[in-house]
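Open the model in your viewer and keep the selection panel at hand. The stops below go from a sheet to a set of aromatic rings.

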Amino acid sequence: MAVNVNTVYQRVLAIINKEQRGYLTPQEFNTIANQAQLDIFEQYFYDLNQFGRIPGNQTDYADMLEILEEKISIFEKVQISVSGGTTLPADLYRLGSVLTNCPTCREAEQITQKEWLYIEKSPIAQPSNEFPVFIRDNAGIKVYGDINTSTNLATQITNGVRVNYVKVPTTVEWAANSSTGLYNSATSVNFELHESEETELVIKILALAGVIIKDNSVYAVASGEDTKNIQQEKA
């Protein structure tokens, strides 16, 4: 389940308007809602690195590493037969594994351009279809396998390349009915984050909204709640 965009918007408005602090327009909300979603999403990977260095626990529903992996799994995707063996998915955020020769599947090892120069010159370090390698650049990836006996160079694998990756979150939008001005669920786009992030979204959006409506008290309270939540998670 995703987090409903209208639920978050109404909660933010209710808190802001409780003491007549101001009004947050749908356009302003959409802008800061997407920023808040990205902030939470990107934090997953920093936390994953941190909690990955800490031994887990055997308590059901309380292992932070498993919780983070569950939240990230929403964004995990697979693209099969990458075009030309080079083009990466347009919605890619982080590249996972690159596989070839599926369904038997051989995972390619990522190397740098500098490493590739040395590998090309070393007969004993050449890649193969059993042990492929790939290079990533601005254009995408190049996957190499068996040596071509006529050219004595590694053959680029251009078909049957499978990429496992984490995609970027879908852009959030609170949309109104053109006639009534009321919330239109058909044209709105919900947050893609795990449903447990609803409270965190409200807090982060409130902090950003405090800047827009020029109310330092809203920003201070929301930032304080955000800091408290972070401390609780990492205690």
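Two strands are taken as paired if DSSP finds at least two bridges between them. The model on screen is predicted.

**The sheet**

Begin by selecting strands β4 to β7. They form an open sheet of four strands in the order β4-β5-β6-β7, and the pairing is mixed.

**From β5 to β6**

Next, select residues 133–137 for β5 and residues 140–148 for β6. The two strands run antiparallel and are joined by five bridges. Show Phe-134 and look across to β6, where Val-143 is its bridge partner. Then show Ile-135, which has Lys-142 of β6 opposite.

**From β6 to β7**

Select Asn-148 and find its bridge partner in β7, Leu-153. Now move to the hairpin of β6 and β7, which has four residues between the strands. Which residue there takes a positive phi? Select Asn-152: its phi is near 60 degrees.

**The aromatic rings**

Counting ring centres within 6.5 Å as a pair, the model has nine aromatic pairs. Select Tyr-9 and Phe-29, whose ring centres are 4.5 Å apart. Their planes meet at 35 degrees, so the pair is tilted; the tilted class lies between stacked, under 30 degrees, and edge-to-face, over 60. This pair links distant parts of the chain, 20 residues apart: Tyr-9 belongs to helix α1 (residues 5–17) and Phe-29 to helix α2 (residues 26–51).

Are they buried or exposed? Buried means under 20% relative accessible area. Tyr-9 counts as buried because its relative accessibility is 1%, and Phe-29 counts as buried because its value is 0%.

**The cluster and a charge**

For the next stop, select Phe-41, Tyr-44, Phe-45, Phe-75 and Tyr-93, which form one aromatic cluster. The charged end of Arg-94 sits over the ring of Phe-45, at 4.4 Å from the ring centre.

How values were computed: Residues numbered from 1 in each chain as written. Predicted model: local features only at pLDDT ≥ 70, side-chain atom pairs only at ≥ 80, totals over all residues. Heavy atoms only, no water. Phe/Tyr/Trp six-rings, centres within 6.5 Å; stacked < 30°, edge-to-face > 60°. Buried < 20%, exposed > 50% of the residue type's maximum accessible area, 1.4 Å probe, protein only. Lys NZ or Arg CZ within 6 Å of the ring centre and 35° of its normal.
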